[in-house]
Amino acid sequence: MLNTTLVNRKNALKVVKELDAFPKVPESYTETSAAGGGLSIVTFILIGFLVISEISYYTSTELKFDYTVDKNHSGTVKLNIDITVAMKCHHVGADVLDQTGQDVYSFGMLNEESVHWELSDNQRDYQHFVQQVNDYLSGEYHAIQEVLWRSGNPAFKGGMPKRKGPDPPGPPDACRIHGSLEVNKVAGNFHITAGKSVPVIPRGHAHLAMMMDSKDYNFSHRIDHFSFGNPVNGIIFPLDGSEITTSFNHHSFQYFMQVVPTEVRTYKANMDTYQFSVTESNRAIDHNAGSHGVPGIFIKYDLSSLLIQVKEVHRPFWMFLVQLCGIVGGIFSVSGIINSFVGLVADILCCRFKWGQQKSHDTVVPGQAKLPVDLIHPTFERSISQNNIVSPSQESYVNQPNLLQNTS
């Protein structure tokens with residue numbers, strides 16, 4: 001019974017040995033070279049560099065963008081406004097009208113402040129800064145979006161700074177309209193036009209501008225801030241810093257917005273905000289020329305039913321292992337191919353064409369006659385090629401061809 005067990009074990013070990021995919025080569029059958037050693041050093045250095053790079057790549061994070069349906073349809077959204085119009089405050093009215101037909105006063109009230117249209121130096125510098133940043137973001141957003149969403153709590157809060165220095169001469173000639181409104185999450189229209197608004201039964205409202213003269217109209221405007229949702233530091237929105245002036249008293253400016261709610265969940269930021277794209281159109285109102293309409297500033301917005309979710313995630317560990325094995329195995333395989341190719345080229349050049357050996361065959365020792373090749377025995381040929389000197393005993397054999405034949 002014991003012998004049977006030992007035989008089964010030996011058979012099992014024999015089968016396992018036959019399945020060995022990594023046979024060991026005895027050291028006596030291996031041959032090293034300086035070229036192979038140099039290639040090995042380069043291979044190990046390259047493997048170390050790529051492994052370190054792969055570890056750094058794995059420890060970093062990436063942003064994952066998901067799109068889902070916004071399930072929060074019953075809530076409201078905050079509309080933040082800071083716009084300056086080149087008209088006196090008692091000549092303009094600002095409010096919101098949406099698809100629900102809700103009373104405009106139920107959304108809240110905006111603040112009106114009489115200011116000078118001309119900006120001070122520090123205010124103009126701030127406006128130029130915001131415009132430059134907005135131009136860069138609009139052109140390079142897709143290249144830097146991951147940097148933007150990974151930012152934590154930047155110190156930049158935005159907002160036009162207070163005027164420094166003396167005020168311009170004369171009374172204030174513009175009206176700053178700023179504040180926040182709680183609007184429904186439906187399509188709506190925020191507008192600034194001539195005259196204060198009054199409610200109209202059964203729904204809607206009207207602006208009374210009967211006592212205004214044509215020269216009182218001037219809808220040149222500057223948008224210092226316009227956004228949806230709770231204010232977030234470090235974000236500059238598309239309309240921030242924009243300024244449009246007109247020489248026509250009756251002019252209509254229209255902005256069309258597509259607003260998309262966005263959830264940001266990264267290691268440095270956790271916020272709910274709103275992104276939007278905007279297009280602008282304006283024209284002068286001239287009834288005689290067939291351009292009809294109401295002069296004013298109209299910002300029409302529509303909230304999307306989709307929700308963008310931005311998450312910061314790590315790459316899976318199995319992907320790291322696969323890429324690491326691919327790096328090590330691939331470099332070893334390529335270096336082996338290169339080493340074999342170099343050896344093959346060296347073998348062809350140095351062995352098959354016998355480079356470096358032809359000179360020894362043609363060398364003649366002074367005082368020695370050059371012998372015909374067919375009279376030289378192969379054994380002595382090797383001696384001549386190696387030493388270039390023929391011993392006296394060998395010389396006697398060379399001079400006696402018959403003896404060489406008998407000897408062979």
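The legends below describe close-up views of a predicted model.

Local features need pLDDT of at least 70 and side-chain atom pairs count only at pLDDT 80 or more, while totals for chains, interfaces and linings use all residues. Residues are numbered from 1 along each chain as its sequence is written, and side-chain values use heavy atoms, with hydrogens and water left out.

**View 1. The largest nonpolar core has 36 residues.** A nonpolar core is a set of buried Ala, Val, Leu, Ile, Met, Phe, Trp, Tyr and Cys residues joined through side-chain atoms within 4.5 Å; buried means under 20% relative accessible area with a 1.4 Å probe, protein chains only. Leu79, Ile83, Phe190, Phe226, Phe228 and Met257 touch the most other members. Strands supplying at least two residues each include S2 (76-85), S5 (174-184), S9 (221-228) and S11 (251-265); strands are DSSP runs (E, at least two residues), numbered from the N terminus. S2 gives the largest share, five residues.

**View 2. Surroundings of Leu79.** Beyond neighbours within four places in sequence, Leu79 is in contact (heavy atoms within 4.5 Å) with Val96, Gly179, Ser180, Leu181, Val183, Phe190, Phe226, Ser227 and Phe228.

**View 3. A second, separate core.** This core has five residues, among them Leu119, Tyr126, Met160 and Ile236.

**View 4. Lining of the largest cavity.** The cavity, a set of points on a 1 Å grid over the protein atoms alone where a 1.4 Å probe fits but cannot get out, has a volume of about 30 Å³. Tyr126, Gln127, Val130, Met160, Asp224, Asp240 and Gly241 line this cavity, each having an atom within 4 Å of a point.

How values were computed. Buried means under 20% relative accessible area, exposed over 50%, partly exposed in between (1.4 Å probe, protein chains only). Helices (H or I, at least four residues) and strands (E, at least two) are DSSP runs, numbered from the N terminus. On a 1 Å grid over the protein atoms alone, a cavity is a set of points where a 1.4 Å probe fits but cannot get out, and a pocket is an open set with protein on both sides within 12 Å along at least five of seven lines; lining residues have an atom within 4 Å of a point. Grid points are joined across faces, edges and corners, and a volume is the space filled by probe spheres set on the points.
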